[in-house]
Amino acid sequence: MSKITVADGTEIYYKDWGTGQPIVFHHGWPLTGDDWDGQMMFFLNKGFRVIAHDRRGHGRSSQTADGHDMDTYAADVAELARVLDLKDAIHVGHSTGGGEVIRYVAKYGQGRVAKAVLISAVTPLMVQTEANPDGIPMAIFDEIREGTATKRPQYFQDFTIPFYGYNREGATISQGIRDNWWRQGMMGGIKAHYDCIKAFSETDFTEDLKSVDVPVLVLHGEDDQIVPFPLTAVRAVKLLKDGKLISYPGFPHGMPATEAATINADLLAFINS
């Protein structure tokens, strides 16, 4: 397996296929680089170099006890980009991975990043605070922590239902998609998954969004039950210097899997624009 070792000794697993302009995919909580299968195959066949890593503590990367915060996630990506000598890259992040993308691009992307994409992303800020009164109450994230810490196998099974909108009338449920989500989740370390909840819910990406100079595409499902569209995408695009928003009526949080054809087409159009 392909891995790099970062400064604190953590091994970061990655897949690196093809040649051409690199596209780097950043997965959501609590998943792995495998969640991008539908995009990796599509863009590989379009002549791009496609790269996906497993965030520290997730998947095939080291199950570390520490470092589960956005600054460390971004530093890990920066080391991967350095080792692979990535230039003119497009960074695409889903959910938590969207936060990782914008933090990486803001801190380390100068001279290496051409464009960025935020899909169903947690930016700019999820949790309810005095400055963010319309945010999600902390009690909701405490429930996610409790479920992850005490009954992770069953909790992760149940989480796939709202994640993919399978609780909506008329939804066509794919057991394979649900099983694949659970498989990826259970590959990772429980401590990393627990700590990452704080990282994706409480990190404020406002200044990161404001500082990024490259074009950024924001894609979001209007029926996202995990990362609400009005709280995130609508606000994020207003903070970007060069942002474009595409929203999709009825699409769920996990739309890169359930609506891959649509998402891939819009990604390709943005990359080629």
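Trainee: Buried means under 20% relative accessible area, exposed over 50% and partly exposed in between (1.4 Å probe, protein chains only). Is E100 buried or exposed?
Mentor: E100 counts as buried, because its relative accessibility is 1%. Before going on: this is a predicted model, where local features need pLDDT of at least 70, side-chain atom pairs count only at pLDDT 80 or more, and totals for chains, interfaces and linings use all residues. Residues are numbered from 1 along each chain as its sequence is written, and side-chain values use heavy atoms, leaving out hydrogens and water.

Trainee: Where does E100 lie?
Mentor: In helix α3, residues 96-108. Helices (H or I, at least four residues) and strands (E, at least two) are DSSP runs, numbered from the N terminus.

Trainee: And what is E100 in contact with?
Mentor: Setting aside neighbours within four places in sequence, E100 is in contact (heavy atoms within 4.5 Å) with H26, H53, R55, M70, Y73 and V77.

Trainee: New topic. How do α4 and α5 cross?
Mentor: Helix α4 (residues 138-163) and helix α5 (residues 175-187) have axes that come within 9 Å and cross at roughly 135 degrees. That makes α4 oblique to α5.

Trainee: What does α4 bring to that contact, and what does α5?
Mentor: R152, P153, F156, Q157, F159, T160, I161 and F163 come from α4, and they meet R178, W181, W182, G185 and M186 in α5. That contact divides into eight nonpolar residues, three polar and two charged.

Trainee: What about T258?
Mentor: T258 lies in helix α9, residues 255-258, and counts as partly exposed because its relative accessibility is 25%. Beyond the residues up to four places away in sequence, T258 touches Y164, Y166, I177 and P252. Its C-alpha atom is 17 Å from that of Q157, 101 residues away along the chain.

Trainee: Where are the cis peptide bonds?
Mentor: One joins W29 and P30, with omega about -10 degrees; P30 is in the loop between β3 (22-26) and α1 (37-44). Another runs from T123 to P124, with omega near 0 degrees, and P124 lies in the loop between β6 (113-119) and α4.

Trainee: Why point those out?
Mentor: Because most peptide bonds are trans, and most residues other than glycine have a negative phi.

Trainee: So which phi is positive at D85 and S95, and where do they sit?
Mentor: Phi of D85 is near 55 degrees, in the loop between α2 and β5 (89-94). Phi of S95 is near 60 degrees, in the loop between β5 and α3. D85 is partly exposed at 44%, whereas S95 is buried at 7%.

How values were computed. Axes fitted to C-alpha atoms, helices over the stretch in contact; angles between N-to-C directions. Parallel < 35°, antiparallel > 145°, perpendicular 65-115°, else oblique. Nonpolar A, V, L, I, M, F, W, Y, C, P; charged D, E, K, R; others polar.
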